[in-house]
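Here are my notes on this model, jotted down while I had it open. Have a look at it alongside the points below and see what you make of them.

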Amino acid sequence: MGADAVVVGSGPNGLVAAVMLARAGCEVLLLEAADGFGGALRSGELTLPGRVHDLGATVMAMALASPAFRGLGLKGVEFAHPPVAAAHPLDDRPAVLVHRDAGHTAEGLGRDGAVWLATAGAAARAGFPLVDLLLKPLGPWRASPRAFAQAARFGAAAALPATTFARRALRTVEGRALIAGLAAHSMLDLRSPLTTGYGLMLGALAHLVGWPLVRGGSQVLADALVAELRSLGGQAVTGHRVRRLAELDAPIVVLDVTPRQLLAMADWPSGYRRGLERYRYGPGVFKLDWALDGPVPWRDPAVAGAGTVHLGGTLEEIVLSEAETTAGRHSPRPYVLLVQPYAADPERGGHTLWAYCHVPNGSPVDMTDAVETQIERYAPGFRDRVLARHAMGPAELEAANPNLVGGDIGGGLTSLGQFVRRPVWSPAPWRTPLPGVFLCSSSTPPGPGAHGVGGWQAARLALRSR
Ligand SMILES: Cc1cc2nc3c(=O)[nH]c(=O)nc-3n(C[C@H](O)[C@H](O)[C@H](O)COP(=O)(O)OP(=O)(O)OC[C@H]3O[C@@H](n4cnc5c(N)ncnc54)[C@H](O)[C@@H]3O)c2cc1C
């Protein structure tokens with residue numbers, strides 16, 4: 001297949017790479033294995049006709065903050081903000097709420113409010129220069145010394161395990177639960193280094209850009225990128241799975257795949273191959289989508305306004321649940337990450353909802369009852385609202401998108417080791433040993449999220465190599 005550049009895979013990273021290459025004048029061919037574009041940005045009717053569900057990402061804080069997307073200026077994509085970014089209900093007291101405003105959030109944290117303002121609040125005040133450093137840990141940097149100093153200050157807390165940060169810096173049940181719920185997005189054992197950083201970064205983004213979603217579904221963002229590519233003369237094809245690089249004929253090849261697929265695509269030099277073989281995937285997820293006949297009946301009505309809800313109770317409970325998953329077991333009371341798009345966007349054909357819990361990689365266990373029991377704990381009567389449900393365990397997720405290996409939605413473990421070695425130790429890990437062949441998926445820095453920075457980095461290097 002001839003073109004100046006072939007991009008394999010149309011997740012946010014592949015799409016950003018394709019658009020950047022096309023804007024630079026390359027004739028681009030985008031090949032996607034699935035029957036639709038977008039990867040984990042796809043939306044579809046998973047439950048009832050007319051109901052729009054996001055198959056993967058919904059919360060677009062990363063997209064809005066990302067240096068890759070900020071530069072694209074896409075048309076036709078409207079972000080909708082829920083009244084509250086995130087809520088964390090508790091059994092015996094009001095829910096903890098993350099507002100757009102850091103001060104308002106701190107008020108709800110009582111004695112821990114000052115710590116919140118000094119960490120997540122300070123990171124939000126540092127703004128895009130700090131976000132750019134965090135999303136481009138290997139550069140290129142055009143940051144001021146002040147931004148580096150802010151990053152160093154952020155890094156000192158960020159490097160800590162969430163359990164250590166919570167016990168050293170936080171005093172209240174609310175503050176500790178909040179950091180646990182945020183840090184657990186990392187899918188790591190919360191006793192691991194960096195988990196504080198994932199939590200504080202997400203908290204800071206809530207204050208800097210909010211946790212919005214795309215009006216009409218995340219597919220709208222993917223479609224806008226495909227439309228932009230086509231308007232620049234690029235071609236985009238679905239239903240085409242690339243198995244070997246030898247099938248492609250282009251001086252530039254950008255791969256939105258993870259190390260397992262990459263290994264099978266070529267006979268790599270032994271050092272690179274060993275690096276890819278050592279790469280580790282993280283836990284999987286068990287995801288449920290529901291069509292409801294009305295909003296979730298939260299016991300605390302403040303939770304109704306939140307786009308994202310963290311379920312699982314106290315710090316101690318969430319630490320236990322995530323430790324169980326890391327140890328290869330299924331928590332009977334799992335941490336559940338729930339998204340209620342209708343809080344911001346009523347244009348999805350009715351009240352739709354999704355949630356997932358973490359499970360051991362590749363787990364075949366049906367977690368429907370465990371997830372719904374956690375929702376009922378904070379929203380008695382929830383099950384009565386369910387008109388239809390759709391479940392996807394690791395096998396179904398990977399069948400829909402080969403990058404979700406064993407149900408891992410992060411493109412690989414997000415541990416400290418794989419923060420610096422993603423997927424191999426290199427100052428430019430987007431480059432492969434084959435000239436003109438680049439890797440751009442979330443298995444490259446900065447890792448998971450709908451930010452497109454891996455695609456931006458790969459395209460930048462590809463254009464430099466021309
Ligand atoms: C359930 C779920 C919820 C999430 N929620 C959020 C969220 O709310 N906010 C957020 O920021 N992030 C979220 N994420 C994470 C985010 O979506 C991913 O980190 C991001 O999509 C990764 O982008 P990517 O381009 O690397 O890969 P993907 O989006 O996974 O796309 C890869 C694409 O490449 C295609 N492909 C793979 N191999 C081949 C091949 N050999 N030939 C052709 N095509 C191929 C796949 O079919 C797929 O379309 C979520 C992910 C999931 C799955």
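1. A word on terms before the cavities: by cavity I mean a set of grid points where a 1.4 Å probe fits but cannot get out. Keep in mind, too, that this is a predicted model. With that in hand, the largest cavity comes to about 60 Å³, and the structure has four cavities of 30 Å³ or more.

2. What lines the largest cavity? Leu 109, Asp 112, Val 115, Trp 116, Thr 119, Phe 165, Leu 170, Gly 175, Leu 178, Ile 179 and Leu 200 do. Helix H5 (113–126) and helix H9 (173–183) are the elements that give two or more residues to that lining. By residue class, the lining of the largest cavity splits into eight nonpolar, two polar and one charged.

3. The second largest cavity has a volume of about 50 Å³. Its lining is made up of Tyr 198, Thr 414, Ser 415, Gln 418, Phe 419, Arg 422, Pro 445, Pro 446, Gly 447 and Pro 448. Pro 446 sits in the loop between strand S16 (437–439) and helix H18 (453–465).

4. On to the domains. The assignment gives domain 1 as 5–42 + 217–279 + 410–465 and domain 2 as 79–212 + 283–400. Taken over C-alpha atoms, their centres are 27 Å apart. Across the boundary, 19 residues of domain 1 are in contact with 16 residues of domain 2.

5. How much area is buried between domain 1 and domain 2? About 1300 Å², with carbon and sulfur atoms giving 68% of it. On the domain 1 side, Thr 414, Leu 416 and Phe 419 lose the most area to domain 2, together 32% of what that side buries. Two of these names, Thr 414 and Phe 419, also turn up in the lining of the second largest cavity. As for salt bridges between domain 1 and domain 2, the count is zero.

6. The whole structure does have salt bridges, 21 of them.

7. Around it you'll find Pro 67, Pro 129, Asp 132, Leu 133, Lys 136, Pro 140, Trp 141, Arg 142, Ala 143 and Trp 456. Helix H6 (residues 128–135) gives the most to this lining, with three residues. Seven of the lining residues are nonpolar and three are charged, with no polar ones.

8. Last, some backbone geometry to check. Most residues other than glycine have a negative phi, and most peptide bonds are trans. The bond from Gly 139 to Pro 140 is cis, with omega near 0 degrees; Pro 140 lies in the loop between H6 and helix H7 (145–158), and is one of the residues lining the second largest pocket. Met 187, not a glycine, has a positive phi of about 65 degrees. You'll find Met 187 in the loop between H9 and helix H10 (195–208).

Definitions and conventions:
Residues are numbered from 1 along each chain as its sequence is written. This is a predicted model: local features need pLDDT of at least 70, side-chain atom pairs count only at pLDDT 80 or more; totals for chains, interfaces and linings use all residues. Side-chain values use heavy atoms; hydrogens and water are left out. On a 1 Å grid over the protein atoms alone, a cavity is a set of points where a 1.4 Å probe fits but cannot get out, and a pocket is an open set with protein on both sides within 12 Å along at least five of seven lines; lining residues have an atom within 4 Å of a point. Helices (H or I, at least four residues) and strands (E, at least two) are DSSP runs, numbered from the N terminus. Ala, Val, Leu, Ile, Met, Phe, Trp, Tyr, Cys and Pro count as nonpolar, Asp, Glu, Lys and Arg as charged, and the others, Gly among them, as polar. Domain bounds come from an automatic or database domain assignment. Contact means heavy atoms within 4.5 Å. Buried area is the accessible area (1.4 Å probe) that two parts lose on being put together, summed over both. A salt bridge is a side-chain nitrogen of Lys or Arg within 4 Å of a carboxyl oxygen of Asp or Glu. Grid points are joined across faces, edges and corners, and a volume is the space filled by probe spheres set on the points.
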